[in-house]
Amino acid sequence: MTRMERKRLCMGLLFISPWILGFLAFSVYPLLSSLYHSFCDYSVLSPAVWVGAENYSTLFNDDVFWRSVSNTVFFAAVAIPMGMVLSLSLAILLNCKVPFQGLFRTIFFLPSLVPMVCLAVLWQWMLNGDLGLINNSIRPLLNGINQILGTHLVPPNWLQEAAYAKWGLIFTGLWGVGHAVVIYLAGLQGVPQHLYESAEIDGAGFWVKTRHITLPILSPVIYFNTIMGLIGTFQVFAVPYVMTGGGDGPERSLLFMATYLYQNAFDYWNMGYACAIGMVMFLIILSLTYLSTKLSESHVYYEGK
Amino acid sequence: MKQGLKQKISTTAILTILVLAGICFLAPFAWMISTSLKPLSETMSLPPRWLPSKFQWQNYREAITEMGYFWRYASNTIYLCVLTVTGTLMSSSLVAYGFSRIEWKGRDKVFLILLATMMIPFPVTMVPVYSLFRNLQWIGSFKPLWVPSFLAGAFNVFLLRQFFLTLPHDISEAARIDGCNELQIFWKIILPLAKPALLCVALFQFMSTWNDFMGPLIYLNEQKDFTLALGLQSFQSQQGGTPWHYLMAASTLIVLPVLILFFFTQKSFIQGIATTGGKG
Amino acid sequence: MIRYWEKWNGFEADAMRVIVDDFNASQDEIFVEYSSVSQIDRRLMLSIAGGIPPDVAGLWNYVLPVYAENNALTPLNRYTEAAGIKRDDYISVYWDMCTHRDYVWALPSTPSSTALIYNKKLFREAGLDPEQPPRSIAELEAYNEKLMKRDEDGRLITCGHIPAEPGWWNALWGYWFGGELWDGKQSITITSPANTAAYEWVASYPERFGARDLMSFKDGFGNFASPQNPFFTGRVAMVMQGPWIYNFIQNYAPADFEWGVAPFPSVDPERFPNVTVVEADILVIPAGAKHPEEAFVFIQYVNSQAPMEKLCLGQRKFSPLRETSADFFTQHPNPYIREFHDLAQSPNARPVPSTTVWTLYANEMNQAFGRIWTQTSSPTEALSDVQTRMQESFDHRARRWDRMENTLLTEWEKP
């Protein structure tokens, strides 16, 4: 290593030293502890007994676990793109010169401020089959379609029907895109005005400007929100947990990996098994993030590099 | 003339979309407020009604009393928020700088490790971290709730690192050539340019601490130490039924400060235009 | 000073607070600090793991086995023996649910039992005698036929009884058919003929009334704790509930609501009379508590006749002690408290199975019930799925017990 490289290494490590400390205490130690316990039969309050790969072999054959995996993957596969499109569009719209900009931004951010316990309860009520707001808004539309096409469409009882429960949850999640919108807004401030101006002189319209200027410059932020979305949706737990009262939902349609982990750890006193689930979750999210990073390398444009 | 008309049409179109979307986003919140003003018997009535028959403003006062230590909880929460926001801003910006503005060997690999730490599912870390704090004898105090924020949480580092990367390479290089050391570059050049992002981080951290109830639930023992979010839990009763009107009233009160904070700070994002990319 | 964590809120918490204050006032050595704790099971587990548990905690009887076998509690045998507290002092089911593997782990605080609660006015309107509630399942179904009403579009507007309302004991319907959930030793017996009969009875509801109709009907039910509770609005004429229903009726039902209480009908009232589910809130001393002797003094106080009756009166329940003073019943606001009390003493008063896997079992049965109710699977299929999963889980726990038995027994025998 050259003297320059060594100096830079020292500076770099110095700057990140607070994180290293936290990393050792809150990540390495729990991860190792969890890894060890995933090979044990452990219930938190009695000593852990080594059982080798028993937890993993049970996991592999556990239908309920695979159900939780498919539920989580479905949820992520739908919620992430929908969330991204919605938040990006809102951010771009909110960045335009319209009156009451501040008011609108606050309105869209509002839902992410609502405390968790309230959110779950509120949306449970909104998604109620007969009387919830959602269905009462859709019903006139469906009735209209029924009259025209002679069909018998009925709005579903969202959280009670296996086929629709996750969609109910997805709507709840979309309502909370405020976070992502704010981040995109902050990113949009970093797009140099002069680029837009030169493009306009060349006769570029709204879509062209967005595709060729806004999106590329915003790409690090898009990458950030996508990764965060990935990590977040794969760990979805709190809202469905409160909505189902700690259960699995109709035909286990709301059982996610994190829910199953939590149930095993704290309801069934099977911490070792829960750690095994945790390890699997960790590996899945890790691989997906690695994949996304590899894929994004050609698309993400860092001006500072 | 044609340009002006085109402008007007696009502005109106955008406005319409925003208004429609805004109504969708506001509706649940409006429901929350309407429930907070209803007498208990109307809260879960069928068919649901928007307007309370009489506006029970006293629900707010009663909810505060029901909760017990409302003002105490509020001051505890503010105390924690101030500490965590300070800690986060300080540590996350330093660490993010290290991951973005200095080229050192292995930097990006270590960064991937940082990303990986966010993927460790929460219940799995709960017990080991609890025993760690137990060994430090911090259980029952506020320390487990704010000390970690001084150790740079991965999320904030990630966010700031992405922003720091959007700033041009040359400004750092120029400063180095002029003889500045890294700390000076950090403090005098990079930080001022990243104001919108820093504000973002501060706001998010504030909100996260304000609404956090899992942490206080596990680490705090005495009721007088509780935070507002934890205090809300006291409205949930097992066999007595939840007093929805109080729950909604208390929730509205709890949401209000952050809302106001956001409304006034989001304007600064706009100011950021001049500092980050506006160079012509 | 000792710490006491309890799960209650509202008036139930107030009732216990009064007892705590009485105890503190009655002597100078021990001061009990009462806290209302939410998510008490999580916090208790964590605090025991962290070595700083409270001295007294309030749990539910159905988690006792799993806490005991996972070394979360302090055995109370030496304290109960020294204090002369024995099984005969209690209604036997409540003592039994506090013991596990020959050790006493808890003493009850407030008990409950379940019974058939019915709407007398709806009975009268349907031409049924309001003083003659159904005694057998067959009679129950005959009453259902009379009580059910549909509107012009064929949608259900009133029904007699449906097992899904309130749906709090989905796993236990077998009890009224003479079934058991396990054999008390090694096997899960959910697929026994009696249990299968019970769930075929459950499956008969969607067959007779239409699965979709029942689901839409249930959608329209209001919140349990509100005037729109389907039992109070007359949509459902009969439910199975516990003594607390009195509180809800007082708070939410219309002023002219007439109700009656009777043992819930069983398939054969001669062979299986007075079947009821008994549950209780219990007081335990967590493992590693700093002041177990003082904690027990408090628990003993709560379990003496006068304070216990005061507590149960305050929570509108009955007392788990064998002896109850006559005043208790006359003072008690719930007009049917005697019925609940007597049911708890019936030989067919059943607690949930005292196994360590009860939480999983209940969860699985809820899933199975849901599938049966929506006709997604037949009762036999649903039950046999539960059987397979539960037996596996049960065997796993049995293995765990075998491994830990000696260590645990040594631990529990320590002075």
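# Close-up views of a predicted three-chain model

View 1. Residues are numbered from 1 along each chain as its sequence is written, and chains are lettered from A and ligands numbered from 1 in the order in which they are written. The two helices (DSSP runs of H or I, at least four residues, as strands are runs of E, at least two, numbered from the N terminus) cover residues 70-100 and residues 154-166 of chain B, and they pack at an angle of about 50° with their axes 8 Å apart; axes are fitted to C-alpha atoms over the stretch in contact, with angles from 0 to 180 degrees between N-to-C directions. α4(B) and α8(B) are therefore oblique to each other (roughly parallel is under 35 degrees, roughly antiparallel over 145, roughly perpendicular 65 to 115, and the rest oblique). From α4(B) the contact (C-beta atoms, placed from the backbone, within 7 Å) draws on Thr88(B), Ser92(B), Ser93(B), Val95(B), Ala96(B), Tyr97(B), Phe99(B) and Ser100(B), and from α8(B) on Asn156(B), Val157(B), Leu160(B), Arg161(B), Phe164(B) and Leu165(B). Sorted by class, the residues of this contact are eight nonpolar, five polar and one charged, where Ala, Val, Leu, Ile, Met, Phe, Trp, Tyr, Cys and Pro are nonpolar, Asp, Glu, Lys and Arg charged, and the others, Gly among them, polar.

**View 2. Helices α15(C) and α16(C), residues 358-373 and residues 379-413 of chain C, pack at an angle of about 165° with their axes 9 Å apart.** This angle makes α15(C) roughly antiparallel to α16(C), and α15(C) passes α16(C) in a right-handed crossing. On the side of α15(C), the contact is made by Leu360(C), Tyr361(C), Glu364(C), Met365(C), Ala368(C), Arg371(C) and Ile372(C), while α16(C) contributes Pro379(C), Ala382(C), Leu383(C), Asp385(C), Val386(C), Arg389(C), Met390(C) and Ser393(C). In terms of class, 10 nonpolar, one polar and four charged residues take part in the contact of α15(C) with α16(C).

**View 3. In chain A, α2(A) and helix α14 (residues 271-296) pack at an angle of about 120°, with their axes 7 Å apart.** The crossing of α2(A) and α14(A) is left-handed. Ser34(A), Leu35(A), His37(A) and Ser38(A) of α2(A) meet Met271(A), Gly272(A), Cys275(A), Ala276(A), Gly278(A) and Met279(A) of α14(A), and the residues of this contact comprise five nonpolar, five polar and no charged ones.

**View 4. Chain A touches both of its partner chains, with 78 residues from chain A and 86 residues from chain B in the contact between those two.** Helix α2 of chain A (residues 17-38) gives the most to the side of chain A that touches chain B, with 13 residues, and by class this side has 58 nonpolar, 15 polar and five charged residues. Towards chain C, 18 residues of chain A are in contact with 22 residues of chain C, and the chain A side of that contact divides into seven nonpolar, five polar and six charged residues.

View 5. Pro166(C) sits in the loop between β9 (156-158) and α8 (193-209) of chain C, whereas Gln137(B) is found in the loop between α6 (122-135) and α7 (143-146) of chain B.

**View 6. The predictor gives the complex an ipTM of 0.84 and a pTM of 0.85.** The mean pLDDT (the predictor's confidence in each residue, from 0 to 100) of chain A is 83, with 97% of its residues at 70 or more; within chain A, confidence is lowest in helix α6 (residues 116-126), at a mean of 77, and highest in helix α3 (residues 54-60), at 91. For chain B the mean is 80, and 88% of its residues reach 70 or more, but over residues 270-280 of chain B the pLDDT is below 50, and this stretch has 19 contacts in the model beyond near neighbours in sequence. Chain C averages 89, and 100% of its residues score at least 70; the secondary structure of chain C comes to 16 helices and 14 strands, and its C-alpha trace spans about 70 × 50 × 35 Å along its principal axes.

Notes: This is a predicted model: local features need pLDDT of at least 70, side-chain atom pairs count only at pLDDT 80 or more; totals for chains, interfaces and linings use all residues. A crossing is left-handed if the near helix is turned anticlockwise from the far one by less than a right angle, and right-handed if clockwise.
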